[in-house]
Every structure is written in structure tokens, then in C-alpha cells.
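Hello,

Here is the structure I promised to pass on to you. Have a look at it first, and then read on for what turned up.

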Amino acid sequence: MIKKVLIANRGEIALRVIRSCNEMGIKTVAVYSTADKESLHVRFADEAVCIGPPVSKESYLNIPKIMAAAEITNSDAIHPGYGFLSENAEFSKICSESGIKFVGPDWKMIQKMGDKVTAKETMKEAGIPTVPGSDGLLNSIKEGKDLAKKIGYPVILKATAGGGGKGMRIVNSENEFENAWNSAKAESEASFSNSGLYLEKFIVEPRHIEIQVMGDQYGNVSHLSERDCSIQRRHQKLIEETPSPFVDDELRDRMGQAAVKACKFIKYEGAGTIEFLVDINKNFYFMEMNTRIQVEHGITEEVTDYDLIKEQIKVADGVKVSGKHYYPKLHSIECRVNAEDPSANFRPSPGKITALHKPGGHGVRVDSHIYSGYTIPPNYDSMIAKLIVSHQSREEAIVRMRRALKEFIIEGIETTIPFHIKIMNDKRFNEGNFTTNFMDTFKY
Ligand code: MV4
């Protein structure tokens, strides 16, 4: 039985995990860097252990320090949150070898899905649609050019170790191929110490639509419908919503069934997300699988009334998943509030919050670790709050989001709130007429 969980993370997600543990009667252990001494996750956990200096490599990414903290506090399990060590196969392996339950899939699963070529091959075997492209890694420029000619330009080169757009190049014609190849290879090597590239047909103006899944230790899998994450900037999501304005009941069932089939094929345990690219004709293609809880999980919780963190911990403890599927009963939208200045190219804006008013009222959820007087350290991700609103219809949810954004007062730093207000008033956003290219033409 899991009685004590160590949370190997910080900020809002650490707080989020603590909240579910509290409701489950599970004790919590926070770990923190010296920059986070005054953080709420430290205050609200039952115990807290300092694991090092502000720089992540020496604290939140330092596996020996975290394992030591788990040992001295007698923790039964570690929840990794998102980012940091959440998709680190080595960490998951060390946890299991130390008799500490990693809340998430085993290390082999993390490794398999972390290598994009292996993940794609596996999904192909499972019968999930994938984008036409190379069979595994490309061995030479010539092989790439020949294949691109066969498939037809534009094509896209991707890093097998990639994610987040690193090592990725769109190639519009053969004369661009060599330069794209060389820069993608160099970037992959520099970022991941792995220069392996593969090639795909480039899907023009796709939507990024992902399916939330939950699998158990016995092969049962439930899906919890989709999230539309098409509104991104430089591969950072800005706004997510569910249901997607582009997904009808028929497409939802097809994508949900594909995601479940994929998870059953790989015997997936825990919370996961299957990311799809969806083209204008409603064809969908497997893109990546995330083997962690994601930032945007909250909107799914709001529309399905399902606590994903509680279920993650239950599954880690050997509890079964029902195998039934969950469909949106409401419409939910999330705006990520970042400590960034949208009028200065989203430049980070850390510092002290001198005054704060969080919005409230019916259908408003704010997941955040900030408080009045809190100083945002410059060392970590700039997301400081997730503003989530829900309502019966998309139209009403947008109205509610505008209202909540206007109520949200954060003084002392710049935030992305004014930018979100602008999007909530944008014609194309309101029509649900957007793809991953939305930000290319959006003028703030
Ligand atoms: C694509 C694509 C179009 N066609 N693959 C971006 C990050 C990485 N996860 C994969 N990405 C893309 N892959 C094919 N075959 C377009 C993108 C893409 C994108 C995807 C989702 C959300 C935002 C994006 C922004 C630019 C490109």
C-alpha cells in the first residue's frame, strides 16, 4: 500500500499532487532547491527535504539526491510530475531497483516511446495510422532525397531523440535538402548526443489533437477523449481545450479507439497521452506518446469529472482501471499564464509579485503556486498559473475565460494575461478555425 509519496517536482504540479494525496490520506514529501525554500509545495507537504542549489541539474534533476530524500523519509513512491525526471528511463529504473514505486510506466516503456523512430515503428505494428515516410532512420542524404522525391515535397526531417521541435526541419524542395539535413543533424547531436534522423511527408496546417489514456497493470485501458493543443508558440503550448472544436463524435471515437488499441498493444501502465496530427480531411496520424501526466491534464479532469492524479497513484498501487471511456460533459479551456512579457517577444519576467488577485466563481479553476509576496526565481519554467474555465458550451466558456482573465491581477511582473485576452477576442479563435499555424499570423 502506498502511504507516502515523494514529489520530485516543484511549482503548481507539486502542489497539484499534494492536493490529491491529501484527499487520499497519503502522506507527502516535498523536495526543493534553495530557490524554492518559500514555495507552497514545501509548506503544504507533510515533510520537506532540501536537495540542492537553484540550478536544476544539481537539485530537481539530481537523481542521487532525490533517491536519498526518498530513503530518509521512508517514501513508498515517487511522483515525477511533468518535465524534470518524468520521462527519464534511468530514473524510473533506479526507483524500481530501490523498491520505490515510480508513478508512471516502467523504464523500458519510457525508453521505447522516448525514441521517436522506435515509437513510430511500434505504432505501425499496432495498426495505428502514421505519416508516410522513411522506414526507420535515414542512412544518407541520398537515401533521404530519393525518398523525398518519391513521397513528394514538402517533407519534414525529425530527430529520433527529438521532441519539442528540436532537430526538426521542413524541406520544401530538393535544393533545400542538404542544408536542412546538415543543420538538423548538428542540432540533434548538440541537443541529444544522438544525430539519428527520419523523414515524413509534411502535413500542411495540421491540428495537434491528443488523447488522454489511463492503463493499469492488468492490460485494461480507458481513454478520456481529446485535447486540442493547436495554439502553440515555438512548440510551447499556450491554450488547450476540450472538446476540440474540430472533433465530432465519430472522429473522437476513431481516435479514442486507436489510442486504446495502441496502449493495449504495448501494455501501457499509467497516465499517458497519444499525440496525433489531424489534417484538414480529418485523417489522423500518430505523432508521439507522452509517458507522463501533462500540464494540460486539468481540462480533461473538469469535463470528465475524473481525478487523473488520484488514478495515477491508484494504478501505481495495483488498482484496476474500469476500461470504460470518458466523454466531455462540458467545454473546458486552459490559458497558461507565464511570467513573460508578450509585448517584448515573450521575454521572461521573473521577480516579486507585489499584489495578487486570483479569479474565482462558478466554473473557474486556478492551479498555481503563486501568492502575494512570492518571488518567481529565474531558474525554472516561466509558467506561474493555469487558468481553467468550464461551461456547457464553447461560446460560454470563452465568455467566462474573458471574465476570469480580467479578474486576474498580478502586479510586480509582466504576464501573458493581456495576450490571452486578445486571443479570447480573436475572430478565428472564436470560430474554432485554427491550426498549429495560428500563431504565425496572430498579431499581439
Ligand atoms: C509534423 C508536422 C507536420 N507534418 N510532422 C512539431 C513538434 C514535433 N512534436 C512534431 N511537430 C510537427 N510534426 C509532419 N509529418 C508539424 C509539426 C509542427 C507542430 C506540431 C504540433 C504542434 C505545433 C507544431 C508547430 C510546428 C510544426
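**Salt bridges and overall build**

E288 is buried, with a relative accessibility of 18% (buried means under 20% relative accessible area, exposed over 50% and partly exposed in between, using a 1.4 Å probe and protein chains only). Before going further, please note that this is a predicted model, where local features need pLDDT of at least 70 and side-chain atom pairs count only at pLDDT 80 or more, while totals for chains, interfaces and linings use all residues. Residues are numbered from 1 along each chain as its sequence is written, and side-chain values use heavy atoms, with hydrogens and water left out.

What does E288 pair with? Its side chain forms a salt bridge with that of K116, at 3.9 Å from N to O (a salt bridge is a side-chain nitrogen of Lys or Arg within 4 Å of a carboxyl oxygen of Asp or Glu). E288 sits in strand β13 (residues 284–290) and K116 in helix α6 (residues 116–126), so this pair links distant parts of the chain, 172 residues apart (helices, H or I of at least four residues, and strands, E of at least two, are DSSP runs numbered from the N terminus). K116 is buried as well, at 10% relative accessibility.

Helix α6 also holds E121 and K124, which are 3 residues apart, or about one helical turn. They form a salt bridge with their closest N and O atoms 3.8 Å apart. Both are partly exposed: E121 has a relative accessible area of 29%, and K124 has 34%.

Because E302 lies in helix α10 (residues 297–304) and R365 in strand β19 (residues 364–368), the pair ties together parts that are 63 residues apart in sequence. E302 is partly exposed at 30%, whereas R365 is buried at 16%. Through shared partners, salt bridges join R16, E301, E302, D307, R365 and D367 into one network.

Now for the whole chain. There are 15 helices and 22 strands. The radius of gyration is 21 Å, close to the 22 Å given by the globule rule for 444 residues, so the chain is as compact as a globular protein of that length (the radius is taken over C-alpha atoms, and the rule is 2.2 Å times the number of residues to the power 0.38). Of the 444 residues, 57% count as buried.

Happy browsing!
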